[in-house]
Amino acid sequence: MYKKDKSKKGIKPPIIFYLILIIIPLLFFVLLEVGLELFGYGFDIREWVEVTEDKMVLNPDIARRYFYTTKNIPFSIQDIFDKVKKPGAFRVFILGESSAAGYPYMPVGSFSRYLQRRLEQLYPDCTIEVVNLSMTAINSYALRDIFPGVLEQQPDLVLIYSGHNEYYGALGIGSMESLGTSRTVVNLTLYLNKFKTIELLRNIIGSVSKAISSEEKGQKDGTLMSRIAKDQYIAFDSDVFQKGLEQYEGNMRDILKMARDYGVPVILGTLANNLKDQPPFISIDNGKYPSAYQVFEKAKEELKKRNLKAADSLFRSAKDLDALRFRSSEKMNQLIGKLGKEYGCPVVQIDSAINAVSPDGIVGDNLMTDHLHPTLEGYKLMGKLYFEEMKRMNFLPKCRPIQLNNKALDSLTELSFNFSRLDSIISGYRLIVLKNDWPFVEKSQKRELSELIKPKDFIEKVAFEFINDEINWEFAHRKVAGWYLAQKDYTSFKYQMDVLISQFPVIVEYYDFVSNELLKLEKYDEAYNYLLRRYNIKRDAYPSKWLGIIDLSKNRIETAIMYLEESLKFDRSDPQVLYNISGAYSFKQEYQKALEAIKKCLVMDHDFPNAVELRDQLQAIINRRDF
């Protein structure tokens with residue numbers, strides 16, 4: 001009779017078997033990640049990239065961490081800062097969205113630029129770095145994601161103006177880019193997005209989805225604002241409304257905890273909106289609250305009756321009842337105040353201040369360009385408000401300020417705030433584009449850009465080329481600067497180049513171009529300023545040569561020799577430098593050195609003007625002395 005062998009019953013595989021089952025897939029993904037990294041797969045989404053050997057900037061591609069289906073991603077205004085922070089430098093980071101970035105006046109019209117100019121005027125001997133990392137259509141998820149990298153850069157202060165985009169900004173609860181309502185899931189996804197393997201999987205899924213989708217042609221056209229929030233309506237006090245506030249509060253708590261742990265002070269700002277001149281975008285009647293349109297009309301009636309307090313309250317209520325959440329609610333500002341108290345962060349009352357200086361105490365188009373973006377004067381006011389709070393809290397550079405009263409400081413800051421006619425026209429065109437799209441107009445009412453914008457002169461034509469994506473911002477400004485030069489409008493040429501330099505202060509070619517043109521015009525004092533700034537960025541033969549020549553002409557002999565000798569270290573074959581250094585040594589009565597220099601000059605160019613005469617004069621002086 002067959003007996004069942006019970007000795008084999010219940011034999012378990014060895015532990016190594018289970019380890020192999022775990023190790024093999026892990027090893028596969030590790031090797032895949034390493035391989036993708038080595039072969040440079042996908043986009044570079046590091047937080048910082050180098051622009052020169054010693055300067056860094058926020059990576060223009062970093063928004064790819066947050067935008068998965070959007071084609072044209074936003075980027076910051078590209079403020080640069082030192083890779084290694086200088087001793088005594090004062091470094092401020094700005095975090096926020098399009099209003100913090102300075103839309104529609106970006107890159108040179110943001111409140112951060114005004115703040116930087118104000119600090120530079122007050123602390124001329126201090127290295128001031130105000131680095132604006134704000135981007136259009138992001139929200140607190142992006143801020144939380146980049147904040148650890150910000151803290152690693154040793155900021156002395158962080159300023160935050162954020163909250164308008166909490167619902168529709170990338171990954172927000174009402175965004176076309178949403179990943180759901182769980183902060184844990186979204187933040188874990190953001191962490192995993194740093195790996196190339198995840199990018200590969202995303203691209204595969206995206207390609208499959210695109211192949212099987214029946215996406216309507218033109219769906220991805222239009223402004224980023226119109227694409228990221230299309231038809232996502234959120235009623236006031238609904239579950240989704242509350243989850244948006246919770247999303248913001250959770251992410252901001254994480255940010256403020258990190259800042260506290262690093263000992264970095266943070267200043268928050270309340271959010272301002274266009275109350276008086278922006279009707280609600282979407283009005284819904286759910287039986288719980290009156291419609292936003294009705295409340296808005298009632299607010300206008302109270303304003304006519306001069307019941308200003310009632311009008312202000314109703315305008316704010318109409319804004320909050322607007323089911324399209326492009327403007328922050330009053331509850332968001334209350335939450336910002338609550339977070340400030342809890343974490344010991346000062347809160348700048350931007351909303352109250354902007355309303356206080358508006359007619360009837362209610363802000364409208366006087367300081368707002370659209371539904372929430374301030375005018376240029378509004379941004380300047382914001383910069384001043386943040387500065388005053390920094391001063392009140394003693395969050396200022398440690399170096400000694402110069403003595404200036406507020407009126408003088410305002411005047412100097414305004415003079416140094418570079419914003420050209422081209423920038424103004426571009427800003428106006430941006431607003432035309434914005435208001436030619438949903439939700440300002442329905443898709444059927446949208447018009448061609450060429451119908452709305454009719455350029456009348458050269459600068460308007462260049463601005464149109466930029467807004468139509470034919471040229472970039474930098475090329476547009478160079479083009480206009482060159483036109484001013486051709487027109488012999490040298491003041492406007494210089495100012496236009498100053499705008500370029502303020503945006504790209506490490507591009508030495510700009511300084512060379514301006515100084516060279518000024519030298520041709522014999523505007524030596526003006527050229528000297530550009531040459532000296534150029535010299536401090538990169539020392540080579542060109543700035544050293546001309547700083548030396550100008551100093552020699554001003555009878556500053558010691559510095560002239562210093563610069564000219566330095567120029568020769570870079571280029572020993574320049575006869576003009578040799579001629580001038582010979583003259584400099586002659587002034588010091590160091591005739592032998594002068595003679596050696598002029599002889600070298602003649603070797604390089606035997607016809608150099610006046611060189612033979614100078615050589616003969618020097619030789620005669622030396623011969624008399626020897627005799």
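Student: Is tyrosine 484 buried or exposed?
Tutor: Buried means under 20% relative accessible area, exposed over 50%, and partly exposed in between (1.4 Å probe, protein chains only). Tyrosine 484 has a relative accessible area of 11%. Tyrosine 484 is therefore buried.

This is a predicted model: local features need pLDDT of at least 70, side-chain atom pairs count only at pLDDT 80 or more, and totals for chains, interfaces and linings use all residues. Residues are numbered from 1 along each chain as its sequence is written, and side-chain values use heavy atoms, without hydrogens and water.

Student: How many aromatic pairs does a search of the whole structure find?
Tutor: Rings of Phe, Tyr and Trp (its six-membered ring) pair if their centres lie within 6.5 Å; planes under 30 degrees apart count as stacked, over 60 as edge-to-face and the rest as tilted. Searching the whole structure gives 22.

Student: What kind of aromatic pair do tyrosine 191 and phenylalanine 195 form?
Tutor: Their centres are 5.8 Å apart. The planes stand at 80°, and the pair is edge-to-face.

Student: Why is the pair of tryptophan 483 and tyrosine 484 tilted?
Tutor: The ring centres lie 5.4 Å apart. The pair is tilted because the planes are at 55°.

Student: Which ring does the charged end of arginine 118 sit over?
Tutor: A charge sits over a ring if NZ of Lys or CZ of Arg is within 6 Å of the ring centre and within 35 degrees of the ring normal. For arginine 118 the distance to the centre is 5.0 Å. The ring belongs to phenylalanine 387.
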